[in-house]
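Open the structure in your viewer and keep the selection tool at hand. Each stop on this tour says what to select and what is there.

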Amino acid sequence: MGKRIVIALGGNALGSNLPEQMLAVKKTAKAIADLIEEGHEVIISHGNGPQVGMIQRAMTELTRSDPEKYIPCPLSVCVAMSQGYIGYDLQNALREELLDRGIQKGVATVLTQVLVDEQDPAFQHPTKPIGAFMTKAEADRLIAERGYQVVEDAGRGYRRVVASPMPQGIVEIDTIHALVDRGLVVVACGGGGIPVFATQGHHLKGAAAVIDKDFASCKLAEQVDADCLIILTAVEKVAVHFGKPDQQWLSELTPELADRLIAQGEFAPGSMLPKVQAAVAFARSKPGRTALITLLEKAKEGIAGHTGTRIHL
């Protein structure tokens with residue numbers, strides 16, 4: 001029997017700009033279509049780090065050029081914009097690939113809001129880099145003009161950092177459920193979802209944050225009762241002592257072993273660490289659930305148990 005799978009696409013599956021994205025999603029669509037052709041139900045989530053930063057930077061330049069005509073664009077709105085245009089490319093590429101294989105299956109992107117806690121400590125300690133790299137002069141200008149927080153990123157330049165709160169729940173989960181139950185392929189929680197606070201009455205207020213897509217994908221997988229969460233990254237398997245002479249690839253991980261390795265600092269923050277943490281949280285959420293961390297092109301083999309790092313009870 002086919003499984004219900006949530007696939008979390010990383011940046012390597014989307015490219016870093018519009019021309020790269022249009023090429024990347026064609027390759028991505030083939031890997032996803034392989035799983036659909038195997039009879040699996042697929043829900044797709046994705047990151048948006050480069051895209052959301054580019055959108056906000058463009059909107060900032062418009063505001064600077066004509067402040068009477070253009071107003072500053074909230075980060076939550078920029079996340080919504082990124083969901084729209086990434087989803088547009090993904091659903092078109094996947095629709096085309098499925099039809100080329102004779103598979104009649106609809107694909108839909110759901111503009112998705114994700115609840116966060118206004119008291120989350122992340123709002124006091126922004127850590128999530130977004131957007132393009134900048135020179136120090138460009139960074140200093142944005143600090144002075146916009147009050148942005150900026151960090152130097154591994155000698156490659158400066159990037160804006162924003163809060164990355166933990167996801168609490170998915171507002172459109174009933175809509176996502178209905179589409180999946182009707183047999184559609186759904187793209188949801190793009191960029192980790194549009195972060196929102198619940199305020200008085202039924203009002204939702206956008207938050208100046210970007211939710212980590214791995215944690216949002218875990219929440220999505222839990223709430224659609226998925227059998228498997230696949231977190232795609234730039235390596236085939238998770239490793240300990242990564243990049244060192246005694247590097248060791250891991251095919252299986254239990255949550256308990258993962259906890260010990262996390263405590264030992266084996267996984268880099270902002271890179272493999274959130275992927276392992278999200279995978280462990282999903283595996284722990286219900287008996288029988290499995291998380292897989294691997295390359296995009298190895299997803300089909302990973303589901304069959306032939307590669308990748310599998311995390312399960």
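Which residue of β11 stands opposite Val196? Select both strands to find out: in β11, Gly206 stands opposite Val196. Before going further, note that this is a predicted model, in which local features need pLDDT of at least 70 and side-chain atom pairs count only at pLDDT 80 or more, while totals for chains, interfaces and linings use all residues. Residues are numbered from 1 along each chain as its sequence is written, and side-chain values use heavy atoms, with hydrogens and water left out.

**Stop 1**

Select residues 194-198, which form strand β10. Helices (H or I, at least four residues) and strands (E, at least two) are DSSP runs, numbered from the N terminus. Four of the five residues of β10 are buried, so the strand is largely enclosed by the rest of the structure. Buried means under 20% relative accessible area, exposed over 50%, and partly exposed in between, with a 1.4 Å probe and protein chains only.

Two strands pair if DSSP finds at least two bridges between them. Five residues lie between the strands of this hairpin, and Gly201 takes a positive phi near 65°.

**Stop 2: the eight-stranded sheet**

Select the strands in the order β3-β9-β2-β1-β12-β16-β17-β15, which make an open sheet of eight strands with mixed pairing. Its edge strands are β3 (107-109) and β15 (252-253), each of which pairs on one side only. Strands of a sheet pair through backbone hydrogen bonds, either parallel or antiparallel.

Within the sheet, pick β2, where five of six residues are buried. Six bridges join β2 to β1, and the two run parallel. Ile7 stands opposite Ile44 in β2. What is the bridge partner of Ile44 in β9? The partner is Val187, and β2 pairs with β9 in the parallel sense over two bridges.

Move along to β12 (residues 228-232) and β16 (residues 290-294), which pair in the parallel sense over five bridges. Leu229 has Ala291 in β16 as its bridge partner.

**Stop 3: helices on the sheet**

Select residues 18-37, helix α1, which lies across β1 (4-9), β2 (41-46), β9 (185-187) and β12 and runs at about 150° to β2. Axes are lines fitted to C-alpha atoms, for helices over the stretch in contact, and angles run from 0 to 180 degrees between N-to-C directions. Then select residues 75-100, helix α3, which packs on the sheet and touches β1, β2, β3 and β9. The direction of α3 makes about 175° with that of β3.

Pick Leu14 in the loop between β1 and α1. At 1% relative accessibility, Leu14 counts as buried. Contact means heavy atoms within 4.5 Å. Leaving aside neighbours within four places in sequence, Leu14 is in contact with residues including Ala24, Val25, His46 and Leu90.

**Stop 4**

Select α7 (255-263) and α8 (272-285). Their axes come within 10 Å and cross at roughly 155°. That makes α7 roughly antiparallel to α8; angles under 35 degrees count as roughly parallel, over 145 as roughly antiparallel, 65 to 115 as roughly perpendicular and the rest as oblique. Among the residues that meet here are Ala258 and Ile262 in α7, and Leu273 and Val280 in α8.

**Stop 5: the nonpolar cores**

A nonpolar core is a set of buried Ala, Val, Leu, Ile, Met, Phe, Trp, Tyr and Cys residues joined through side-chain atoms within 4.5 Å. How many residues are in the largest one? The largest core has 44 residues, of which Val6, Ile176, Leu220, Val224, Val276, Ile293 and Ile311 touch the most other members. Which element gives the largest share of this core? Helix α8 does, with eight residues.

Finish on Ile293, which, not counting residues up to four places away in sequence, touches residues including Ile231, Val238, Met272, Val276 and Ile311. A second, separate core of 30 residues includes Ile32, Leu35, Leu232 and Ala299.
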